Amino acid sequence: MPRTERNAHAIAGTITRLNAPDYDRWAAQIRRTGGCCQPIHLRGRVDHRHATTGALLRRYTTRTEPDGVLRLPCKTRRASRCAACAETYRADTYHLIRAGLIGGKGVPTSVSTHPCLFVTLTAPSFGAVHARRQMNGKPRPCHPRRDAETCPHDTVMSCTIKHHPDDGRLGEPLCPSCYDYTGSVLFNALASTLWKRFADSLRWHLAHGHALTIKAMRDELVVSFAKVAEYQRRGVIHLHALIRLDGPDGPSTPPPMWATADALAEAVRAAARAVHVASPSSPDQTSRLLGWGDQLDIRPVTLAGELTEQAVAGYVAKYATKAAECVGTLDRPIRITDDLDALPVSTHARRLIAECLRLAYLDGLADLRLGQWAHMLGYRGHFSTRSRLFSLTLGDIRAARERFVHTEECTREHLMGIPEDDVVKVADWHYVGRGFTAADALVSASLVGSRARRGAR
Ligand SMILES: [Zn+2]
Ligand SMILES: [Zn+2]
Ligand SMILES: [Zn+2]
């Protein structure tokens, strides 16, 4: 459809929507999605039946909803896909990380006295890359080398530029032909395994330092984690982790006297050095032994210190909504029909994607599913995870919000005089699509915009 015709079509669509008899109901649905730009459309019904008699007490069906569907927020955590839902995810993550640091939302405030470290585990070097360096806030040259070597590809391995933060060369190798793309991709693919080994080793070092077995230590100490994965500009994952020591029942119990922040830091250092993971091999690809890089940052989290709980919670929450697209790759899987040369990605990302696709076809490496995760440059782990006892969960926060939203429905059930335990809920839902038509997107933007303006006042 030509552009002018498309616009006329959209305007006609908005008029139809605004004049529809069920417009108010539609607008309420949209407001409930919190400004989601790609709401999920569901068709179905929920029956509330009496547990013993089976009598139908109440039926909700989407048949009476506008267009016969219920629109729900997409709940993505990725800001590149839906700003509104990513913001909800970020705020929820912030609150649960904060609760894990200072208490609140059911976590006792005494948790703030437990030893807690903010640890950054990085990847090793896969070759020199352009980097932004600073000393005391002043920009420094990237790779100044007076007697720099010339690599076999005739590149002088030196760069004296003080790179601007927006410089497209940041993260790109000084010599792409020398760069170890295989190592970079395999590291991303195995980062989650390496983290698991690190966590096990950390427990072992803590127990060993106090002459305990891991099993015996479990009776007096629990190690809790919350971690986020972040891409460095060079396209490799590093992990930020909050590591906290609790008593045997988690945040409500204090850790033993010997379990100090210093003992934890020592165990973190030892574990980060100790763990490795061997990549699977094939006749065309020998196994690599991969470990963490030398750069290990360990900082105590304190209420009034250099690194406050607010700063940490904000930092973790921010990275929870980012993915690989900030290093110039795609935010969707690579399709078999994609022309790799034509993809709108950076040259460095293209090479990393190509390496994922090359390795994906090798016998023995299939378990890494590098084809499916090529757009993530090999990483297929979660971006934000927490151990069970770290804090409350995102599910808890969402359930609390949904309880609030559904108060009206619950009240109606109580009005019928039937206790909640005697009511069985039978739901039958079908996914029928997502997103907006051009017309609905316009009306929705004006609705959410007016709400945002009201909120700002
Ligand atoms: Zn959304
Ligand atoms: Zn440079
Ligand atoms: Zn070279």
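Me: In this predicted model, are His-130 and Cys-159 buried or exposed?
Reply: Buried is the word for a residue with under 20% relative accessible area, counting protein chains only. In this predicted model, both His-130 and Cys-159 meet that description, and both are also donors of the zinc ion (ligand 2). The answer for His-130 and Cys-159 is therefore buried.

Me: How many residues apart are His-130 and Cys-159, and where in the chain do they lie?
Reply: The zinc ion (ligand 2) is coordinated by His-130 through ND1, Cys-142 through SG, Cys-159 through SG and His-163 through NE2, at 2.0 to 2.4 Å, and along the chain these donors follow the spacing H-x11-C-x16-C-x3-H. His-130 sits in the loop between β4 and β5, whereas Cys-159 sits in the loop between β6 and α4. The pair thus links distant parts of the chain, with a separation of 29 residues.

Me: What is the arrangement of the 4 donor atoms around the zinc ion (ligand 2)?
Reply: Ideal angles for four tetrahedral donors are 109.5 degrees. Around the zinc ion (ligand 2) the 4 donor atoms subtend angles of 105 to 113 degrees, and four donors count as tetrahedral if all angles lie between 85 and 135 degrees. Because the angles fall at 105 to 113 degrees, the arrangement is tetrahedral.

Me: What spacing do the donors of the zinc ion (ligand 1) follow along the chain?
Reply: The protein donors here are the SG atoms of Cys-36, Cys-74, Cys-82 and Cys-85, lying 2.3 Å from the zinc ion (ligand 1), and the angles of 106 to 116 degrees make their arrangement tetrahedral. Read along the chain, the spacing is C-x37-C-x7-C-x2-C.

Me: How many of the residues of β8 are buried?
Reply: In a regular strand the side chains alternate between the two faces of the sheet. From β8, Ile-237, Leu-239, Ala-241, Ile-243 and Leu-245 point one way, while His-238, His-240, Leu-242, Arg-244 and Asp-246 point the other way, and all are buried. On its partners, β8 pairs in the antiparallel sense with β4 over 6 bridges, and 10 bridges join it to β7, also antiparallel. The count of buried residues in β8 is 10 of 10.

Me: Which element gives the largest share of the largest nonpolar core?
Reply: The largest nonpolar core has 65 residues, and those with the most contacts inside it include Phe-187, Leu-206 and Trp-292. Among the elements that give two or more residues to this core are β4, α4, β7 and β8. The largest share, 14 residues, comes from α4.

Methods. Residues are numbered from 1 along each chain as its sequence is written. Chains are lettered from A and ligands numbered from 1 in the order in which they are written. This is a predicted model: local features need pLDDT of at least 70, side-chain atom pairs count only at pLDDT 80 or more; totals for chains, interfaces and linings use all residues. Side-chain values use heavy atoms; hydrogens and water are left out. Donors are N, O and S atoms within 2.8 Å of the metal (3.2 Å for Na, K and Ca); water is not among the atoms, so sites may look incomplete. Four donors count as tetrahedral if all angles lie between 85 and 135 degrees; four count as square planar and six as octahedral if opposite donors are over 155 degrees apart and all others between 65 and 115; anything else is irregular. A nonpolar core is a set of buried Ala, Val, Leu, Ile, Met, Phe, Trp, Tyr and Cys residues joined through side-chain atoms within 4.5 Å. Buried means under 20% relative accessible area, exposed over 50%, partly exposed in between (1.4 Å probe, protein chains only). Helices (H or I, at least four residues) and strands (E, at least two) are DSSP runs, numbered from the N terminus. Two strands pair if DSSP finds at least two bridges between them.
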